[in-house]
Amino acid sequence: MKKAISFLLAGVMAASLTACSGSVKETSPAKQEDTKAAEQTSESKGSGEKVEISFLVTKPEIVPQFEETFKRYTESHPNVTITAIPLSGQTIYEKLTSLYASGNAPTITMVGGPEFTSFKDNFLDITDTDFAKKVYSWAQDKTKSDGKVLAVPTTAEGIGIMYNKKVIEAATGKEFDPSSIKSRKDFAQLLEEISKTEYAPVQITNKDWLLGSHLTSVLYGAVSKNYDERQAVIEACRKGEYNFADSQVFNNWMDTFDLLMKYNKYAKSPLANAYEDDQLTMASDEVAFWPIGNYIYPNIVDINPDAQVGLMPYPMGDDESAVGNKEIVLSYSMFAIDAKQSKPEQQAAAIDFFNWLVTSKEGQDSYVNTLMFVPIFEGFEIQPANPVAKQIVSYMEQGNTLERMSDYFPAGVMNQFGATMQQYLDGKITRADVANQFKDKWVEFSKK
């Protein structure tokens, strides 16, 4: 890990820093000749016939930023039209299954680990593209199948607890340093202090993807700092052999969730708040802490350019040495191009868009300053200016990261875990029920 991080940072500093396959309806696979033709014509720079491509943006909160990026690209490539496809309340798996079955697969899609595994046979081999060759080596493994690169990471993302520095300091009258929270005990004391003021200590977003994927990645990532030991737990879960109820890490994770629930701004109606309202509340300096990822930062500063927010770990124990107390989850979703239902000229336009985004100065500016992504590609000349991006680089530099373990979940189970946590959040089930449902759903969905 240290070697990987050192490699990353060397590149970043040199460049000035820097989310069951089922049966789906498919058209004929793209021929190798078509793929080569797509790559050869990808440097058209806007000349030629009109091309329309679609982009399934699976992070609803940054659709506007993507649309702004598309607009900037098409200004210099007027023959290309890029249309964003929203999830519209569906999961990524559901949306892709529906689109492929109807013959309307998106030209480009964002996928997480489970969806990549399920749909990889539909994705274009982009091994020889310029943008794919710039992915840092440590981030390449999950994007490959049979030695071929079928996707590229979107950005280095951090998942933990967002804090509002302005709120915390107004409530306590003291300067806030996130590194001062070394354990759950420290966190609990601070939440209690804030609860006696006009500010809300915590808000919990009730979305199933947050509860069932992002926060559960903290749980499985904190099992061990050792990759093989984490994989052993995942395998035990698949076989129904992992006893959650007796797991110290599970109970630590639940203890912290109980603490968050205790001070939740929406405790009386925990399933009533909307994700959009949560963004407004944090940006409006009303709440101190929010379990979430740095991907929400663009929305926060769009609402309030003067917002002072950052990202800290999800505390995993009263003992300072507990894995998770000083680590954030480091994750990335992926971009993939359709190989089955897209025409060669659409594939070519998609390749050219990513070459522009990753290798041109204008594209890099959009990547860093519009999408507010943390570069996961070598050779970036544009430095991230936002403080949360810099924090993520710092966590990586110090080796204080956990792997996003939801990438190893069976497709569809994330939402089941999320539904379980929604029931718990709403007081409908007990911790023992959570343990049992997690165990049962692992087995059920691993068999699909």
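Biologist: What share of the 448 residues in the protein chain is buried?

Modeller: Buried residues make up 58% of the 448, where buried means under 20% relative accessible area with a 1.4 Å probe, protein chains only. This is a predicted model, in which local features need pLDDT of at least 70, side-chain atom pairs count only at pLDDT 80 or more, and totals for chains, interfaces and linings use all residues. Residues are numbered from 1 along each chain as its sequence is written, and side-chain values use heavy atoms, leaving out hydrogens and water.

Biologist: How many helices and strands are there in the protein chain?

Modeller: Helices (H or I, at least four residues) and strands (E, at least two) are DSSP runs, numbered from the N terminus. The protein chain has 17 helices and 13 strands.

Biologist: What span should helix α8 have?

Modeller: The expected span is 1.5 Å times one less than the number of residues. Helix α8 (residues 208-221) has 14 residues, so it should span 20 Å; the end C-alpha atoms are 19 Å apart, which agrees.

Biologist: Where is the kink in α8 centred?

Modeller: A bend is the angle between axes fitted to the seven residues ending at a residue and the seven starting there. In α8 the kink is about 25 degrees, centred on L215. Because 13 of its 14 residues are buried, α8 is largely enclosed by the rest of the structure.

Biologist: Which way do β7 and β9 run, parallel or antiparallel?

Modeller: Two strands pair if DSSP finds at least two bridges between them. Strand β7 (residues 157-164) and β9 run antiparallel, joined by five bridges; G160 has I292 in β9 as its bridge partner. Strand β8 (residues 200-202) is parallel to β9, with two bridges, and A200 stands opposite V287.

Note on methods: Buried < 20%, exposed > 50% of the residue type's maximum accessible area, 1.4 Å probe, protein only.
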